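Visitor: I am new to this structure. Please take me through one part of it closely, and then show me what else is worth a look.

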Amino acid sequence: IHAVSLPPRPGLPHGLLLPSVYAPLQLQPLDRSRFDLAMQELCHTLDMQRPTLLMGDFNGSLLPSRDYLSESGHRRPPCPLLAALLGPGTPWVDVQASLLSPPLPWTYKNIDSAGKTSASRIDLILANQAALRLVVSTTVLCGINHGGHSPVTVNLSLDAPTSLTWHRP
């Protein structure tokens, strides 16, 4: 997990935390279960007063019948990590599912050598309640496809003007 932490500033009195997640595949059960446990433990340590957008490739879905194009995807069990993070009473919200009208756009697409398309919605942005109030809109940039994945963007509105300066790591 990598993260960008913005310190408090006008319009963001608690700052902003932007962790980026790349979860192991569900097909790697030992690695995945360790990751899921570590991710849940990390989320329990976060200050929920600080707006946080948890972004990345979760390699799983809370609702496989909605989030996979293929029949085999529909039969997958829900991702335990997303069930723990997005279940009833949790502080996280799936930004795309709450702000976009169904059908939700695919965030991953692949066309195999036989021309068969497989697609899923495994790249997500989760917001805590402090961040959700800042979210104006979200979109999937379907015209961009890098390694099968399309970026998900979120537009935020702050009380005061702010800017981010990005430097390549």
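This is a predicted model: local features need pLDDT of at least 70, side-chain atom pairs count only at pLDDT 80 or more; totals for chains, interfaces and linings use all residues.

Guide: Two elements, α3 (71-74) and β6 (117-120), each supply at least two residues of its lining. The largest share comes from β6, with 3 residues. The pocket holds about 500 Å³ of space. By class, the lining has 11 nonpolar, 10 polar and 2 charged residues.

Now turn to the nonpolar cores. The largest has 17 residues. Leu54, Phe58, Leu85, Trp92 and Leu126 have the most contacts inside this core. Four elements each supply at least two of its residues: β2 (16-22), α1 (29-45), α4 (80-86) and β7 (123-128). The largest share, 4 residues, is from α4. Take Leu54 on its own. Beyond residues up to four places away in sequence, Leu54 touches Pro19, Val21, Met39, Cys43, Leu85, Trp92, Leu124, Ile125 and Leu126. A second, separate core has 14 residues, including Val95, Ala127, Val135 and Val154.

One last stop is Val140. This residue is in strand β8 (residues 135-140). Val140 counts as buried because its relative accessibility is 9%, and the cut-off for buried is under 20%. Leaving aside neighbours within four places in sequence, Val140 is in contact with Pro105, Trp106, Thr107, Ser150, Pro151 and Val152. Val152 is 12 residues from Val140 along the chain, yet their C-alpha atoms are separated by 4.4 Å.

How values were computed: Residues are numbered from 1 along each chain as its sequence is written. Side-chain values use heavy atoms; hydrogens and water are left out. Buried means under 20% relative accessible area, exposed over 50%, partly exposed in between (1.4 Å probe, protein chains only). Contact means heavy atoms within 4.5 Å. A nonpolar core is a set of buried Ala, Val, Leu, Ile, Met, Phe, Trp, Tyr and Cys residues joined through side-chain atoms within 4.5 Å. On a 1 Å grid over the protein atoms alone, a cavity is a set of points where a 1.4 Å probe fits but cannot get out, and a pocket is an open set with protein on both sides within 12 Å along at least five of seven lines; lining residues have an atom within 4 Å of a point. Grid points are joined across faces, edges and corners, and a volume is the space filled by probe spheres set on the points. Ala, Val, Leu, Ile, Met, Phe, Trp, Tyr, Cys and Pro count as nonpolar, Asp, Glu, Lys and Arg as charged, and the others, Gly among them, as polar.
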